[in-house]
Amino acid sequence: MINGNSSSIQEEAVRTDSNIITVNNVEGQTRNTIIMQTASIEEKVLPTTKLYLEKKYQDCKHTVKTEVELPVEMVNMTKEEMEENYPDWTIKEFSKDEIVLYRLANGLCNEHFVISDENGVVVVYRLDEDYNKSLYEKTDIYTEYLPSQDINRLKEGIYVYTVSDLNSELENLE
Ligand SMILES: [Zn+2]
């Protein structure tokens, strides 16, 4: 009898669109029960899902988020399958619109620059995550016309973070 009641209540719950259903208990009293969505539709990666990689660099503590092309093999994966296939990443966000994968990275992010004097000309190097320098920009600023204070700073190397800081530092030298 009681079992029969509860199964009819469940059927009723399936039929209703609302999260709140009215349940008549054994004593005939009425109470409202909130039904949790237990069988929510499992979300999967779509070909149109945007994929972002977020890396926090341990030396500079900067976090860089970049959008990357969604790998074909990722399409149709569930969150659990993503966790299995990409164990190095933490899934920070997972929806059909957007996925954000997060991990810690070594060294520096890619927005660190050093401005220095090379044969009398101001040049800019970009530092990679292992602090290796690669030529970023050769300016037309000649160091011989600069104040001695700037010349000394250039000998040491002027370290800047972000392209906008780099540009304002170069403007100061011009
Ligand atoms: Zn950084």
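Author: First, a term: helices (H or I, at least four residues) and strands (E, at least two) are DSSP runs, numbered from the N terminus. With that, the elements read α-β-β-β-β-α-β-β-β-β-β-α-β-α from the N terminus on, for four helices and ten strands in the chain. Keep in mind that this is a predicted model, where local features need pLDDT of at least 70, side-chain atom pairs count only at pLDDT 80 or more, and totals for chains, interfaces and linings use all residues. Residues are numbered from 1 along each chain as its sequence is written.

Now to your sheet. Strands of a sheet pair through backbone hydrogen bonds, either parallel or antiparallel. Here, four strands form an open sheet in the order E4-E3-E6-E5, and the pairing is mixed; two strands count as paired if DSSP finds at least two bridges between them. Strand E4 (63-68) and strand E5 (90-94) sit at the edges with a single partner strand each, so one side of each has no neighbour in the sheet. From one strand to the next, the twist averages 20°, with axes being lines fitted to C-alpha atoms and angles running from 0 to 180 degrees between N-to-C directions.

Look next at strand E3 (residues 50-57) and strand E6 (residues 98-105): they pair in the parallel sense over eight bridges.
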